[in-house]
Amino acid sequence: MRARRHVQSPQHLRLAALVVVAFATIFVAGAAESQNTQQREFAAIDVERLTKVAEEPGQWLTGGRDLDQSYFSPLTGINDENVTRLGYAWQFDTDTTNGLEATPIVVDGVMYTSGPWGVVYAVDAATGEKLWTFDPEVDRQFARFACCGIVNRGVSVQNGKVYVASLDGVLFALDARLGEPAWHQKTLFDDSRGYSITGAPYTAGDVVVIGNSGGEYDARGYISAYDIDTGELRWRFFTVPASAEGPHEHPELEVAAKTWDPDSLWEVGLGGTVWDGMAYDPELDLLYVGVGNSTPYARKVRSPKGGDNLYLASILAIRPATGKLVWHYQTTPAENWDYTATQKMILAELEIDGRERKVLMQAPKNGFFYVLDRETGELISAEPYVPVNWASHVDMTTGRPVETDQAEYFDEPKLIFPSPAGGHNWQPMAFNPGTGLVYIPALEVGAVFQIPDREFKYVPRGMNTYSLFSFSVDGPMGISVLAARGLDWNALKEGQPDPTARSILRAWDPVTQSERWQVNVSGPFEGQFAAIWNGSGIMTTAGNLVFQGRTTGELYAYAADTGELLHVVDLGTSVIAAPMTYELDGKQYVALMAGLGGAGGRAHFPGTAAAARGNAGRIIALTLDGGDVPKPPLRRPAPPPGRPSVERRGDTETIASGEALFEQHCTRCHGSSGVGGVPDLRSMSARVHDRFDDILLRGALSGRGMASFGDLLEEADSEAIHAFLIDRSWRAFEEAQNDQ
Ligand code: CA
């Protein structure tokens, strides 16, 4: 099947590529001397060049620019004095409508980046002209396993190749000049489980490492390391054991097995997926890996007799040549709340108590900002960077969080901070060595956790999180559903942190573990679910600047030292990804991928640029004195819900069971109760109603990303879900009539 994978690289683009080679040779004169003595190559990056990236301020060589994953650029051409002149340079249409989460890499005048499914784009960084694109031609059925959007968090570039992983779990090494696969490897070891890949591969010396997603389904987490040149599998490291007795694939799992109840729910896979952050320190020769949450979330169901459940929610330091674990630090022992520690990590040198320390910094979902000694894994400090009520503090002697009475929701529902979205999610944070500050795209929101009335039942390749949660927001994703579940919101929130949902750009001093400044970036959404997703990933520069985009469609620039707002560029397209910057021919650019999606669901909330102007994805590059960014035309406002095309059917019980099935299988893409999703299921056409079973059970629209659920649901289930959605449609119509 892979033979159909194709590269769009017509002859004239190959010629354009050669022109870029010749052109690039001129302006990389400052690069390593050896490159000038031989024919220039595309993606001429090796570990040595990566370690010397400070000498090449104009390049952006990894997702976070450097090996530290700092999202910091030493460029000062655009700075706090002149950023008000920042305007349009060029754009590139990605031909997508799903979320864009990647930060482009720019090496020697060529930009490489990725989009939904794992499509790769190579464009001329001076003009935005396409050099090539690569489509991995993903099995669309995998859309079902994308818990948090059909997205891709980026490529890795080294040794003349561009590495990308497709949603269906294939790792590709593409020739950087033409985009043709040099090799590819199927990385999923078990097709019977709900795996997918949305994360970026990372290179560590002579291996390229990739994890996967599926922690909400039935994935058993692991990473795989492949030879960077040949693609041969070097090693695989599992983050959780397969069973109590083994056989354990590697010795670290014997240690881990002792931290689980022997009667744990092994068949569910247990989670621990590595879907985002990794980093590599060539001097220490350590690969750092962040591990995700548990499945099911509820620990008393997952591992009934307790235990820390290694290596869930941990940071691992692994020897890249052998795959051996050197140290580990578990941020959240006995994980219970979807508190992944797979958030991106930043490596830095900090002076702490008069000592220069090589540190690793992470703001995982659990709400504590961690500074670890990255050589030994020693905990240097940990303090809350958002409101936290599940733990009072991290004990510096044991290195463990001290749980409060509010942490356990098994016997009664609790309002817990942070929510399952975390105090920080996948959006990159950035570290500016000039100010000494880490800029965190922080999420301030809690969630009411509770155990469902039903017993846990394992659904192969289905959602197996079990715990229910309702965000502390108005609307169907949140507290509006509590009354229906017989819960009293006022009682739940009493004595707990302010539940108002916000997203905050927080400038954090990692040495003193305290806030230097903050900006509320909730935009028009404060208190709503959309608030926490409004702020994008972050980039900072030596020009005393911090950049952050918004789903409302702008790029904001702040003074890095004070947080003063300096400039807003109106883009007209929602931004969730972190921007980047580079210099070509003496001209500095700021570039980003724009397109809404990801963990916020496919809902385009009113007020976002996606709702106002559509969600056509694009790469936008800005430079000084560029003028206005071209904006997509405004869409006509959606009419109020019309009269449904079919009559109500099903009794109250059927509709209720349909709602429960919908919440379990459909909400992630279609919005809670079918509200706010894309498409809006309250206005299905007569034809869609006619084909409802074909679409849901037989994949009639799988080509458009609506996967078949025929292996999980029966005809009666489909009928119940259909009856529920029809009832929803009528209720929306009746409410609209009453409003008039
Ligand atoms: Ca998760």
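Lys52 is partly exposed, with 38% relative accessible area, where partly exposed is the class between buried (under 20% relative accessible area) and exposed (over 50%), computed with a 1.4 Å probe on protein chains only. Its salt-bridge partner is Glu48, and the closest N and O atoms of the two are 2.8 Å apart. A salt bridge here is a side-chain nitrogen of Lys or Arg within 4 Å of a carboxyl oxygen of Asp or Glu. Glu48 is likewise partly exposed, at 49% relative accessible area.

The model is predicted: local features need pLDDT of at least 70, side-chain atom pairs count only at pLDDT 80 or more, and totals for chains, interfaces and linings use all residues. Residues are numbered from 1 along each chain as its sequence is written, and side-chain values use heavy atoms, with hydrogens and water left out.

The overall fold can now be described. The secondary structure comes to twelve helices and 39 strands; these are DSSP runs numbered from the N terminus, with helices being H or I of at least four residues and strands being E of at least two. The radius of gyration is 25 Å, close to the 27 Å given by the globule rule for 740 residues, so the protein is as compact as a globular protein of that length. That radius is taken over C-alpha atoms, and the globule rule is 2.2 Å times the number of residues to the power 0.38. Along the principal axes, the C-alpha atoms fill a box of roughly 75 × 60 × 50 Å. Of the 740 residues, 64% are buried. Among contacts between residues at least 6 apart in sequence, 63% join residues at least 24 apart, a contact being heavy atoms within 4.5 Å.

The domain assignment gives domain 1 as 53–84 + 95–456 + 463–624 and domain 2 as 652–739. These bounds come from an automatic or database domain assignment. The C-alpha centres of domain 1 and domain 2 lie 31 Å apart.

The metal site comes next. The calcium ion is coordinated at 2.3 to 3.1 Å by Glu216 (OE), Glu216 (OE), Asn293 (OD1), Asp338 (OD) and Asp338 (OD). Glu216 sits in the loop between β13 (207–210) and β14 (222–227), while Asp338 sits in the loop between β19 (324–330) and β20 (346–352), so the pair ties together parts that are 122 residues apart in sequence. Along the chain, the donors follow the spacing E-x76-N-x44-D. Donors are N, O and S atoms within 2.8 Å of the metal (3.2 Å for Na, K and Ca), and since water is not among the atoms, sites may look incomplete. Both Glu216 and Asp338 are buried.

Asp276 pairs with Lys344, with closest N and O atoms 3.0 Å apart. Asp276 lies in the loop between α4 (252–257) and β16 (278–281) and Lys344 in the loop between β19 and β20, so this pair ties together parts that are 68 residues apart in sequence. Asp276 counts as buried because its relative accessibility is 3%, and Lys344 is buried with a relative accessible area of 8%. Elsewhere, salt bridges that share partners join Arg648, Asp727, Arg731 and Glu734 into one network.

A further salt bridge joins Arg153 to Glu101, the closest N and O atoms being 2.9 Å apart. This pair links distant parts of the chain, 52 residues apart: Arg153 is in the loop between β7 (130–135) and β8 (156–158), and Glu101 is in the loop between β3 (86–93) and β4 (105–107). Arg153 is buried at 10% relative accessibility, as is Glu101 with a relative accessible area of 3%.

Turning to the cysteines, the count comes to one disulfide, defined as a pair of cysteine sulfur atoms within 2.5 Å. The disulfide joins Cys147 to Cys148, with an S to S distance of 2.4 Å. The torsion about the S-S bond is about -95°, so the disulfide is left-handed. Cys147 counts as buried at 17% relative accessibility, whereas Cys148 counts as partly exposed at 24%. Another cysteine, Cys666, is buried at 11% relative accessibility.

Glu659 is partly exposed at 31% relative accessibility. Its C-alpha atom is separated by 9.0 Å from that of Ala723, 64 residues apart along the chain.
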